[in-house]
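Welcome, and please have your viewer ready. We will go from the whole chain down to single residues, one selection at a time.

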Amino acid sequence: MGVREVAGQAYREALPALAASAVGGLLAGLVLGGMRADLGNVEGLLVLIPALLATRGNVYGSLGARIATGLHQGLVEPRVTAGDERLRAAVAAAIGNGLLASLFAATVAFLILTLLGGSPAPLPVLVGIALISGLLSGIALSTVVVVVVFAGYRRGRDPDTLVGPIVTTAGDVFGLTFLLLAVRIVVGAPGGGV
């Protein structure tokens with residue numbers, strides 16, 4: 001197979017995922033547009049959003065790459081079974097890393113805004129929002145990554161081609177949606193008002 005054929009195949013495999021990514025980006029923009037009031041209610045949240053979204057992409061992109069490598073090496077079967085310890089460990093590690101990164105991002109955002117003379121929301125509020133959205137996003141993204149990678153692999157697609165656009169899109173859509181939900185949970189909780 002020549003370079004032209006390989007490039008053509010790569011574009012044919014990636015095009016649907018990239019199209020879904022464009023549509024998902026628009027959906028994420030709609031969710032962000034709907035968060036205007038929430039962004040005004042929680043000082044510092046706007047600073048935290050890019051860090052949380054980048055975290056989702058990095059952590060779950062790595063999960064997708066790890067699963068794809070396991071599939072290519074024959075270490076992981078392309079189906080979900082309760083006995084697949086490698087898959088369970090990879091998903092658990094990704095969710096754990098996502099939660100730690102969310103905690104770190106919220107703490108650093110609070111410290112930087114405070115040092116710059118800002119008046120961010122209290123640290124427990126920012127941490128609560130980051131952890132709730134991190135957990136919910138982690139569950140959703142882990143599910144999407146596993147399903148898409150396995151389904152693509154079983155259909156003869158290169159999972160490495162699918163992971164990037166799918167994780168980016170799902171990370172933005174789920175990340176913002178669950179961030180909005182987390183804000184409403186934390187701010188609406190007794191003593192959670194800012």
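Before the first selection, a word on colouring: pLDDT is the predictor's confidence in each residue, from 0 to 100. What you have open is a predicted model, so colour the chain by that score. The mean pLDDT is 84, and 91% of the residues reach 70 or more. Now select helix 1, residues 3-33: of the elements of the chain, helix 1 has the lowest mean pLDDT, 71, while helix 4 has the highest, 93. Where pLDDT is low, the predicted coordinates should not be read in detail.

**The whole chain**

Switch to a cartoon view. What secondary structure does the chain hold? You will find six helices and zero strands, following one another as α-α-α-α-α-α along the sequence. Along the principal axes, the C-alpha atoms fill a box of roughly 60 × 35 × 25 Å. Of the 194 residues, 42% count as buried. If you draw the contacts with a separation of 6 or more, 80% of them come from residues 24 or more positions apart.

**The cores**

Next, select Val42, Leu45, Leu48, Leu126, Ile129 and Leu179 and show their side chains. These residues touch the most other members of the largest nonpolar core, which has 21 residues. Which elements give two or more residues to this core? They are helix 3 (45-73), helix 4 (85-115), helix 5 (123-154) and helix 6 (159-188).

Then pick Val59, Ala90, Ile95 and Val145. They are among the 19 residues of another core, which lies apart from the largest one.

**The largest pocket**

Helix 4 and helix 5 each supply at least two residues of the lining. Colour the lining by residue type and you will see six nonpolar, three polar and two charged residues.

Start with proline 78, in the loop between helix 3 and helix 4. Is proline 78 buried or exposed? Its relative accessibility is 15%, so proline 78 counts as buried, the cut-off being under 20%. Show what surrounds it: leaving out residues up to four places away in sequence, proline 78 touches Leu71, Phe150, Tyr153 and Arg154. For a sense of scale, draw a distance from proline 78 to leucine 113: the two are 35 residues apart in sequence, and their C-alpha atoms are 45 Å apart in space.

Move on to valine 125, in helix 5. Valine 125 has a relative accessible area of 7% and is therefore buried.

Finish at threonine 55, in helix 3. Threonine 55 also counts as buried, because its relative accessibility is 12%. Which residues is threonine 55 in contact with, leaving aside its neighbours within four places in sequence? Select Gly98 and Ala101 to see them.

Definitions and conventions
Residues are numbered from 1 along each chain as its sequence is written. Side-chain values use heavy atoms; hydrogens and water are left out. A nonpolar core is a set of buried Ala, Val, Leu, Ile, Met, Phe, Trp, Tyr and Cys residues joined through side-chain atoms within 4.5 Å. Buried means under 20% relative accessible area, exposed over 50%, partly exposed in between (1.4 Å probe, protein chains only). Helices (H or I, at least four residues) and strands (E, at least two) are DSSP runs, numbered from the N terminus. Ala, Val, Leu, Ile, Met, Phe, Trp, Tyr, Cys and Pro count as nonpolar, Asp, Glu, Lys and Arg as charged, and the others, Gly among them, as polar. Contact means heavy atoms within 4.5 Å.
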